[in-house]
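The following exercises are to be worked with the sequence and the coordinates side by side. Each task is followed by a solution that goes step by step.

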Amino acid sequence: MDIQLKRGLLDVCVLAAIKDKDSYGYQIIKDIKPYIEMSESTLYTILKRLELSGMLTVRTSEHGGRLRKYYHITKAGLGRIEDFKNEWREVMAIYQFVNKEDTKRA
Amino acid sequence: MRKQEFLDALERELARLPQKEVEERLAFYGEMIDDRIEDGLAEEDAVAAIGSVREIAEQIIADIPLARLAKEKIKPKRKMKTWEIVLLAVGSLVWIPLGISAVAVILSLYVVLWALIVTVWAVFVALAACGAGGTVASIGFALGGNGLVGLVVLGAGLVSAGIAILLFFGCLAATKGIAWLTKKITLGIKKAFVK
């Protein structure tokens, strides 16, 4: 897959993973795994990028005698997901058009 | 490998990065390992699932811009003494030109590599143009009643087109190879700043 495209998809996947409920690193990786394979280092970079651009906030919380970082989606983050959905409605329409052209010839 | 061994090894690889950055990374990977253990994995397996220290360190370094790494390296760990500053200022007569030439050498290396790529693509474009031009010209000759010349021109055009098609794949592979090499060189330079 195109790197630029994949980067955008990964950002939205991570946001979607924390959309309904605050989540933590390992849980995010597990939730996304069926759809996109992501390494820890990649996740770290994405979380940092999303935090710096105000899409999510981070809080540290105690869990079983150790600290764990939880990620919380912001309004901007929710907006990013909506933008993604709108963009992809267009992409899907184009996809259907392209695919239809294919089947006609066959 | 145990969790602590892994974190210690990673810390050593990242020794020259800003302290805060290193601490954050270590906390992140530590949490990842702990969560895997809590999920039922043995400690060694949890560490293995994260990947090799070297690979992780390389990816981290690749993610950080070169300018920041260089700044971090140049920044002295303690305040300089007066005589050190004086020495540095006098020495600048020597080390500034040296530094500039070092950068120039690296830059010219890049330029040479990419000039090569531009050249092979230029040859490809020229051959493709000969192919198209030859075919069109041959029609012109044939219509002008000069069939034999037309045939020769058509043949030359087709040969050019054939070579161009073959060359296209060569160009593509060469471009990919150079891009890969460029990435490797950049990582190498960055590593020199981190170690």
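**Exercise 1.** Which strands form a hairpin with 2 residues between them, and which residue in the turn has a positive phi?

Solution. Before starting, note that this is a predicted model, in which local features need pLDDT of at least 70 and side-chain atom pairs count only at pLDDT 80 or more, while totals for chains, interfaces and linings use all residues. Residues are numbered from 1 along each chain as its sequence is written, with chains lettered from A and ligands numbered from 1 in the order in which they are written.
The hairpin is made by S2(A) and S3(A), and the residue in its turn with a positive phi, of about 55 degrees, is Gly64(A). Helices (H or I, at least four residues) and strands (E, at least two) are DSSP runs, numbered from the N terminus.

**Exercise 2.** Work out how the strands of chain A are joined to S3(A).

Solution. Two strands pair if DSSP finds at least two bridges between them. Strand S2 (residues 56–63) of chain A runs antiparallel to S3(A) and is joined to it by 8 bridges; within this pairing, Arg59(A) has Tyr70(A) as its bridge partner. Strand S1 (residues 23–24) of chain A is also antiparallel to S3(A), with 2 bridges, and here Ser23(A) is partnered by Tyr71(A).

**Exercise 3.** Compare the span of helix H1 of chain A with the expected one, then locate its buried residues.

Solution. The expected span is 1.5 Å times one less than the number of residues. H1(A) (residues 3–17) has 15 residues and reaches 21 Å from its first C-alpha to its last, close to the expected 21 Å.
The next step concerns burial, where a residue is buried if 20 or more other C-beta atoms, placed from the backbone, lie within 10 Å of its own, exposed if 12 or fewer, and partly exposed in between. In H1(A), Asp11(A), Val14(A) and Leu15(A) are buried. They lie on the same side of H1(A), because they cover an arc of only 100 degrees around the axis, the arc being that of the directions from the helix axis to the C-beta atoms.

**Exercise 4.** Describe the contact between the two chains and the elements of chain B.

Solution. Two residues are in contact if their C-beta atoms, placed from the backbone, lie within 7 Å. Chain A brings 11 residues to the contact and chain B brings 15 residues. On the side of chain A that touches chain B, H3(A) gives the most, with 4 residues. As for chain B, its secondary structure consists of 7 helices and 0 strands, and 16% of its 195 residues are buried.
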